[in-house]
Amino acid sequence: MDDHSLGDGVPGFRARAGWTREQAARIERTDETVGPIVYPPESDQIPHLHIWDTWFLRNRDGTLAEVDGYRVCFSLTAPSDLLPGKRHDVASVRCFYSADGRNWHDGGPVFEDALGQRQWAGSALYDDGSVYLFYTAAGEEGAEDLTYSQRIVGAGGGTVDTSEGFALRGPWTHHELLRPDGDRYEREDQSRAMIYTFRDPWFFEDPQTGETWLLFEANSPVPEGSDVCDGDAAQQGYNGSVGIARSPTGDPLSWELEDPLLDAVGVNQELERPHIVYKDDLYYLFVSSHLHTFAPGLEGYDALYGFVAEELRGDYVPLNESGLVVTNPENAPFQSYSWMAFPHDDEVLVQSFFNYFDFAGETLDEIAHLPESEQMRRFGGTLGPTLRLDVQGTETRIIGKLGHWHVPMAGEELPPTERELIRRARTDEDGRGGYVSED
């Protein structure tokens with residue numbers, strides 16, 4: 001381990017891969033990592049809803065499922081007449097479907113009786129005709145006031161009915177799968193100044209071993225008075241980690257906690273929505289994080305960060321040396337968030353939601369000081385353009401984008417990138433039919 005090693009001398013800690021302060025200190029915007037400016041779509045496909053964190057129905061092998069010709073996704077939603085900053089307090093999961101990967105339709109609320117006071121992000125599995133939903137139950141049902149406890153839930157019993165169009169049907173059965181144990185993963189009563197996290201379950205079947213895993217966002221408990229981060233209490237409060245559980249039998253509703261996959265103690269408090277893209281025999285681990293969740297002395301952005309290893313439980317190396325993969329332009333720092341990467345042919349595509357545009361404040365907190373009409377106007381509340389990534393070893397670069405809500409169907413050929421068009425034009429001019437350098 002590097003400069004915040006959680007060694008055997010600290011009770012409750014085990015050696016694991018980590019994102020270090022030295023690595024995170026290299027974070028900077030580059031041409032390869034900054035996405036284009038995003039503008040509102042010409043027409044909002046789902047105007048009656050705020051839509052943010054989104055995930056796709058996937059097969060066990062990680063590919064995006066197509067059920068009788070339909071692509072399916074799930075999103076956290078709230079009514080579009082609600083002030084955007086209040087949406088997390090009433091979040092519920094809805095289903096959307098598309099027959100072409102471009103035009104999407106509202107399939108309605110998924111659950112009538114979900115656990116928790118509201119539901120936060122998760123993942124979805126299509127397995128031999130059955131649909132499983134993994135989600136975060138936020139707050140304890142029955143509590144009089146809004147609470148912020150978090151536990152991981154799985155719902156089984158879903159099916160897709162395409163006999164008359166598209167319908168996602170139950171009945172669903174909800175199973176509490178995991179709670180933080182206080183040893184590997186911090187409980188709410190152990191957390192310090194920032195809210196603890198235990199959420200965002202993401203199903204993954206390891207193609208190398210066939211083992212079944214569930215990744216999630218968590219925090220590593222750091223005992224008061226320990227020498228972690230050289231005893232710096234302020235840094236110790238930033239203790240994000242990527243948690244993991246294993247299913248001994250492959251049953252999507254039976255899990256056992258294991259040691260974290262990666263930690264960011266002294267670096268960042270929130271490693272949100274962890275997920276893996278398996279490409280070229282490598283494991284690419286991606287997380288989203290915020291500007292304000294970096295520890296004192298570090299400067300990051302609202303961005304997609306990534307790491308790569310040769311094995312699922314290997315020694316993860318930050319992509320692009322710092323971990324930064326995709327971020328927003330400096331003059332639109334909060335235009336997109338909650339990125340989700342997935343493979344398509346030789347590329348990795350990245351979806352996100354359209355967050356606040358026409359806003360260049362230093363922190364997102366400044367939004368609350370705007371008139372409510374301006375808060376509403378500047379919130380996108382829909383899916384943003386899909387970015388295209390070239391991923392090679394430990395390096396990535398943005399090479400283009402698709403439209404809002406464009407999630408290509410299997411086998412769909414993507415348009416040539418700008419770089420490809422330049423290469424083709426120069427090849428034609430050269431007249432040799434071979435490659436001509438763009439330099």
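Strands are taken here as DSSP runs of at least two residues, numbered from the N terminus, and on this basis Gly 381 falls in strand S23, which covers residues 379-383. The model is a predicted one, and Gly 381 is buried in it, with a relative accessible area of 2%, a value that lies under the 20% limit for burial. When residues up to four places away in sequence are not counted, Gly 381 touches Leu 49, His 50 and Ile 51, together with Phe 354 and Asn 355. Gln 351, by contrast, is 30 residues from Gly 381 in sequence, and the C-alpha atoms of the two residues are 14 Å apart in space.

The mean pLDDT of the chain is 93, and 94% of its residues reach 70 or more. Over residues 1-15, however, the pLDDT is below 50, although this stretch has 40 contacts in the model beyond near neighbours in sequence. The pLDDT likewise stays under 50 over residues 434-439, for which the model has 13 contacts beyond four places in sequence.

An open sheet of five strands is present, with the order S1-S15-S14-S13-S12 and mixed pairing. Strand S1 (17-18) and strand S12 (199-205) stand at its edges, and because each has a single partner strand, one side of each is left without a neighbour in the sheet. S12 is joined by five bridges to strand S13 (residues 212-219), and these two strands run antiparallel; within this pairing, Phe 204 has Trp 213 of S13 as its bridge partner. Strands of a sheet pair through backbone hydrogen bonds, in either a parallel or an antiparallel manner.

Strand S14 of this sheet spans residues 239-247 and includes Ser 241, which is buried, with a relative accessible area of 0%. Leaving aside neighbours within four places in sequence, Ser 241 is in contact with Phe 216, Glu 217, Ala 218, Asn 219 and Ser 220, as well as with Tyr 185, Pro 260, Leu 262, Asp 263 and Leu 271. Helix H2 (residues 233-236) contains Gln 236, which also counts as buried, at 2% relative accessibility. The side chain of Gln 236 is joined to that of Arg 192 by a polar contact of 3.2 Å. Residues touched by Gln 236, not counting those up to four places away in sequence, include Arg 192, Val 222, Pro 223, Ser 226 and Asp 227, with Val 228, Cys 229 and Gly 231 also among them.

A further antiparallel pairing is formed by strand S24 (residues 385-392) and strand S25 (residues 395-404), which are joined by seven bridges. The two strands form a hairpin with two residues between them, and Gly 393, in the turn, has a positive phi of about 60°. Along this pairing, Leu 387 stands opposite Lys 401 in S25.

Leu 387 also belongs to the lining of the largest cavity, as do Pro 385, Ser 352, Trp 339, Ser 336, Gln 335, Asn 328, Thr 327, Val 326, Val 38, Pro 36 and Gly 35. At least two residues of this lining are supplied by each of strand S20 (324-327), strand S21 (336-344) and S24. The volume of the largest cavity is about 70 Å³, and the count of cavities of 30 Å³ or more comes to two.

Technical notes. Residues numbered from 1 in each chain as written. Predicted model: local features only at pLDDT ≥ 70, side-chain atom pairs only at ≥ 80, totals over all residues. Heavy atoms only, no water. Helix = DSSP H or I, 4+ residues; strand = E, 2+ residues; numbered from the N terminus. Buried < 20%, exposed > 50% of the residue type's maximum accessible area, 1.4 Å probe, protein only. Contact = heavy atoms within 4.5 Å. pLDDT = per-residue confidence, 0-100. Polar contact = N/O pair within 3.5 Å; in protein donor to acceptor, adjacent residues only side chain to side chain. Pairing = 2+ DSSP bridges. 1 Å grid on protein atoms, 1.4 Å probe; cavity = no way out; pocket = protein on both sides within 12 Å on 5 of 7 lines; lining within 4 Å. Points joined across faces, edges and corners; volume = space filled by probe spheres on them.
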